[in-house]
Amino acid sequence: MAPMQRNNYHLPAFFLAAFFLWPFLLCAQGIAARGGPKAETDAEVWGGLVYAIEGGLSEGEKNVAKGPSFPVVSLGAELEKDLRSRLGRVFTGRNFYFLGEHTQGVFKQYESWLVPSKDLFLKLDSKGPVKGGGVNLGLQLWQDKEVIMKTDVILRPDSPLFIEGPAWRRGKLLFVVLLKGE
Amino acid sequence: MTPSEKSLLLHKLIDGELDEPEKVAAERLLETDPMFRAELESLRKLGDEMRRGFPADLEPPSPDFFNTRIRHQIEEEQYAEANRTNSRGKELPEPRGMRWFAFPWAVAAASLVVAVALGLQDRDTGERGLAWAGPGGQTSVGTTYTPAAVVEADAFFSDAAQATVIRLTGLPRIPSEREIAGHSAASYRPSHVGTPVEIRDRGGRISVAMLSGVPGQPPNFF
Amino acid sequence: MQVSSAQIFLMPINLETTSHQPADSELVSLAAGGDTAAFDELVTRYRGKVYALAMNMVKSDADAWDLSQEAFIKAWKALPAFKEESRFYTWLYRITHNVCYDWMRKRRLRDSEEFEEQLHADSVAVHAPTAPQVAELPDRAADHRELGAEIATAINKLSEDHRVVVLLREVNGLSYEEIAEVTDASTGTVMSRLFYARKKLQSLLQETYDSL
């Protein structure tokens, strides 16, 4: 009988505690679900890794441009067409195959990474929005474990940045950066 | 003299902060107190080791870029300040181009010489060195720096493509047998220090987990 | 190492190109009036010291590089308010210290415990490649390497306040008064922190000294 009495005594306390604590538990769950610190962003950028070659892909290369969603680029058909056209005016006589893409918010206070591929990727450090639209960025281009280039860029809307990277197979790897949303 | 007074005297002695009466007291202790002498020796050794392990003067990597970048930021500040000043008074037209340069004509002329000398105009006719970078609405590149001495970065604006281009030359070719794996990734949130960032594809599946932010270390993928 | 060629022509050289080295006060005065070439000379003169201080505080060359830059930019902006009674380098150290301190505080806000653990875990390895190397006899060099690693580990076990004070004194050679100015503390606090830091270091290193 004694244990039962003890249980009966604690039952109302349990419900009382649950009543007062549930808002905190919900908050904690919400924070946990977000999976990281809150982070404001200065801009949203799109980064694409492009294989630029003369002619088409050989049979052996055809698996190259196949990722989970490739060759469909998430920019939308019109923007993708425009991008391909602009690439063609700089890198004349080449065809462009998208190997990877990543759309990423640029955090105000934290470093951000634009990783269309873990073989070639960018670190972005925001120095804030700029007058007239755009964002001031410190960029580091990484290839594996090495920084291969550092630069400061003011990225403007509708004004892509093309980075001509290393040679690979029959062509070059290009890193394309676009400011989204404006 | 109490032990704590002795300790204080010892620390001031090693730091050269003794006044005249303290100097006399310290000299007397050095002559008569072997423990005091041993402690002094121990602290000197500690200081020597610290100076050996932690440099007081260490040239930063790429010192020329270090200065150049600071100059650019100062010029940006000056430019912004000039704009603010102008906007307070008579409305002036927005300067066209030369966003990065305080002395546009001198720089443009000098850069022309350099651009020709370095063969920057060997591409299609629409390309120009950044010294001619156009209106403020275009993406512009400040300074570029390549850690490897054999790698060069040339930045230019392509009128034909209306795009800004950084061309890296001298990079080692990636071996043909290597696969370059890409994905289509959506925006991630920052992670806590020490925990990996999870970069997910548009279906919500984790395609890359990346650990970064460890001081002095490159990011790790797994 | 390459810097864009077009950037070379940005700054006019106003300084006299004689063997005369202008004093800090002269350059500071010119820079405060907007002379960027004079400030550039100050950057060249002090970048090594500022970078080393940042490196000793944050223990990451990439971050130290960026924070040193930030310190110089802040110094440029604050130059008109610089008071002649301070020595320029002490003032610059103070700015650098504050910039690094703020940066570390922000990092700590992200995750305080993990941050400290990371610093402690990685500090020795991070220091190794950037510390200047002096040729030594192999056996002595091995001893010093071991001791150097122990010192780095021991220093990183100190609190931030103690670490900075002992480094500013022993490595940078600042006086109590100068350290007080840099860290915004009283000289009494500086002495007390220094005393504690050395005692703690001695106790942490005792075992290593005995074994060498």
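Q: Which residue of chain A stands opposite Val141(B) in E2(B)?
A: This is a predicted model, where local features need pLDDT of at least 70, side-chain atom pairs count only at pLDDT 80 or more, and totals for chains, interfaces and linings use all residues. Residues are numbered from 1 along each chain as its sequence is written, with chains lettered from A and ligands numbered from 1 in the order in which they are written. Strand E6 (residues 146-155) of chain A and E2(B) pair in the antiparallel sense; strands (DSSP runs of E, at least two residues, numbered from the N terminus) pair if DSSP finds at least two bridges between them. Opposite Val141(B) stands Val153(A).

Q: Which element gives the most to the side of chain B that touches chain A?
A: The contact takes 56 residues from chain B and 56 from chain A, counting residues whose C-beta atoms, placed from the backbone, lie within 7 Å. Several elements of chain B each supply at least two residues, among them helix H4 (63-88) and strand E7 (206-211). With seven residues, the top contributor is E2(B).

Q: Why is strand E3 (residues 152-158) of chain B largely enclosed by the rest of the structure?
A: A residue is buried if 20 or more other C-beta atoms, placed from the backbone, lie within 10 Å of its own. E3(B) is largely enclosed because, of its seven residues, the number buried is six.

Q: What is the bridge partner of Phe157(B) in E4(B)?
A: E3(B) and strand E4 (residues 163-169) of chain B run antiparallel, joined by seven bridges. Their hairpin has four residues between the strands, and Gln162(B) takes a positive phi near 50°. Phe157(B) is partnered by Thr164(B).

Key. A residue is buried if 20 or more other C-beta atoms lie within 10 Å of its own, exposed if 12 or fewer, and partly exposed in between; C-beta atoms are placed from the backbone. Two residues are in contact if their C-beta atoms, placed from the backbone, lie within 7 Å.
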